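Visitor: Hello! I am new here, and I would like to be shown around.
Guide: Welcome! Let us look together.

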Amino acid sequence: MKENVGKIDKGLRLIGGLAVTSLFFLLNSPLNLLGLLGIVFIITSLMSWCPIYAILGMKTCPSRK
(Lines give C-alpha, C1' and ligand atoms only; values in the text may rest on other atoms or scores of the structure.)
Protein backbone atom coordinates (compact mmCIF):
# COMPACT_ATOMS: atom_id res chain seq x y z
CA MET A 1 0.00 0.00 0.00
CA LYS A 2 1.44 3.31 -1.06
CA GLU A 3 0.72 6.38 1.01
CA ASN A 4 -2.07 8.48 -0.43
CA VAL A 5 -2.90 10.72 2.56
CA GLY A 6 -0.83 13.87 3.13
CA LYS A 7 0.14 15.54 6.40
CA ILE A 8 -2.70 18.08 6.50
CA ASP A 9 -5.23 15.41 5.51
CA LYS A 10 -3.88 13.10 8.25
CA GLY A 11 -4.26 15.81 10.88
CA LEU A 12 -7.79 16.65 9.83
CA ARG A 13 -8.76 12.96 9.74
CA LEU A 14 -7.33 12.41 13.22
CA ILE A 15 -9.06 15.43 14.76
CA GLY A 16 -12.33 14.69 12.95
CA GLY A 17 -12.14 11.01 13.86
CA LEU A 18 -11.66 11.81 17.53
CA ALA A 19 -14.56 14.28 17.44
CA VAL A 20 -16.91 11.82 15.74
CA THR A 21 -15.83 8.96 18.01
CA SER A 22 -16.64 11.11 21.04
CA LEU A 23 -20.29 11.05 19.90
CA PHE A 24 -20.36 7.38 20.83
CA PHE A 25 -19.82 8.33 24.46
CA LEU A 26 -21.81 11.57 24.53
CA LEU A 27 -25.11 10.63 22.86
CA ASN A 28 -27.74 8.51 24.56
CA SER A 29 -29.65 7.50 21.46
CA PRO A 30 -29.25 5.04 18.58
CA LEU A 31 -27.27 7.75 16.80
CA ASN A 32 -24.36 7.09 19.12
CA LEU A 33 -23.40 4.16 16.88
CA LEU A 34 -22.47 6.71 14.22
CA GLY A 35 -19.64 7.62 16.55
CA LEU A 36 -17.98 4.33 15.69
CA LEU A 37 -17.41 5.62 12.15
CA GLY A 38 -14.81 7.94 13.60
CA ILE A 39 -12.59 4.92 14.15
CA VAL A 40 -12.30 4.58 10.36
CA PHE A 41 -10.93 8.12 10.12
CA ILE A 42 -8.45 7.49 12.93
CA ILE A 43 -7.19 4.26 11.33
CA THR A 44 -6.78 5.82 7.86
CA SER A 45 -4.92 8.71 9.47
CA LEU A 46 -2.50 6.42 11.27
CA MET A 47 -1.94 4.22 8.20
CA SER A 48 -1.58 7.19 5.80
CA TRP A 49 -3.70 5.21 3.35
CA CYS A 50 -7.34 5.65 2.39
CA PRO A 51 -9.09 2.88 0.43
CA ILE A 52 -11.54 5.32 -1.15
CA TYR A 53 -8.66 7.49 -2.39
CA ALA A 54 -7.04 4.34 -3.82
CA ILE A 55 -10.22 3.40 -5.71
CA LEU A 56 -10.63 6.92 -7.10
CA GLY A 57 -6.91 7.29 -7.88
CA MET A 58 -6.57 10.32 -5.61
CA LYS A 59 -3.78 11.28 -3.25
CA THR A 60 -3.08 14.29 -1.06
CA CYS A 61 0.54 13.52 -0.28
CA PRO A 62 3.44 14.87 -2.33
CA SER A 63 4.89 12.55 -4.97
CA ARG A 64 8.15 10.82 -4.20
CA LYS A 65 10.66 10.52 -7.00
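Guide: A definition comes in handy before we start: the rings of Phe, Tyr and Trp count as a pair if their centres lie within 6.5 Å, and planes over 60 degrees apart make the pair edge-to-face. Please also keep in mind that this is a predicted model.

Visitor: How many aromatic pairs does a search of the whole structure find?
Guide: With that definition in hand, the search covers the whole structure. The number of aromatic pairs found is 1.

Visitor: What kind of pair do the rings of Phe24 and Phe25 form?
Guide: The ring centres of Phe24 and Phe25 are 5.2 Å apart, and a pair needs centres within 6.5 Å. Their planes stand at 85°, and planes over 60 degrees apart have a name of their own. The pair of Phe24 and Phe25 is therefore edge-to-face.

Visitor: In what order do the elements of the protein chain run?
Guide: The protein chain has 3 helices and 0 strands. Read from the N terminus on, its elements run α-α-α.

Visitor: What is the radius of gyration of the protein chain?
Guide: For 65 residues the globule rule gives 11 Å. The protein chain is well over that, so it is more spread out than a compact globule. Its C-alpha atoms fill a box of roughly 50 × 20 × 15 Å along the principal axes. The radius of gyration itself is 14 Å.

Visitor: What share of the residues in the protein chain is buried?
Guide: The protein chain exposes about 5000 Å², and carbon and sulfur atoms supply 73% of that area. To count as buried, a residue must have under 20% relative accessible area. Among the 65 residues, the buried share is 26%.

Visitor: Which residues are buried in helix 2?
Guide: Helix 1 (7-26) and helix 3 are among what covers the buried residues of helix 2. As a rule, an α-helix has 3.6 residues a turn, so residues three or four places apart point the same way. The buried residues of helix 2 are Gly38, Ile42, Thr44 and Ser45. They cover an arc of only 165° around the axis, which puts them on the same side of helix 2.

Visitor: Which residues does Thr44 touch, not counting those up to four places away in sequence?
Guide: Thr44 has its place in helix 2. At 6% relative accessibility, Thr44 counts as buried. The residues that Thr44 touches are Arg13, Trp49, Cys50 and Pro51.

Visitor: What is the phi of Ser48?
Guide: Ser48 lies in the loop between helix 2 (38-47) and helix 3 (51-56), and at 5% relative accessibility it counts as buried. In general, most residues other than glycine have a negative phi. Ser48 has a positive value, and its phi is near 60°.

Visitor: Which residues is Cys50 in contact with, leaving aside its neighbours within four places in sequence?
Guide: Cys50 is also in the loop between helix 2 and helix 3, and it counts as buried at 6% relative accessibility. Cys50 and Leu37 are 13 residues apart in sequence and 14 Å apart in space, C-alpha to C-alpha. The contacts of Cys50 are Asn4, Val5, Arg13 and Thr44.

Visitor: What distance separates the C-alpha atoms of Met58 and Val5?
Guide: Met58 is in the segment after helix 3 and counts as partly exposed at 39% relative accessibility. Not counting residues up to four places away in sequence, Met58 touches Asn4 and Tyr53. Met58 and Val5 are 53 residues apart along the chain, and their C-alpha atoms are separated by 9.0 Å.

Definitions and conventions: Residues are numbered from 1 along each chain as its sequence is written. This is a predicted model: local features need pLDDT of at least 70, side-chain atom pairs count only at pLDDT 80 or more; totals for chains, interfaces and linings use all residues. Side-chain values use heavy atoms; hydrogens and water are left out. Helices (H or I, at least four residues) and strands (E, at least two) are DSSP runs, numbered from the N terminus. The radius of gyration is taken over C-alpha atoms; the globule rule is 2.2 Å times the number of residues to the power 0.38. Buried means under 20% relative accessible area, exposed over 50%, partly exposed in between (1.4 Å probe, protein chains only). Accessible areas come from the Shrake-Rupley method with a 1.4 Å probe; for residues, only the protein chains shown count as cover. Rings of Phe, Tyr and Trp (its six-membered ring) pair if their centres lie within 6.5 Å; planes under 30 degrees apart count as stacked, over 60 as edge-to-face and the rest as tilted. Contact means heavy atoms within 4.5 Å. The arc is that of the directions from the helix axis to the C-beta atoms.
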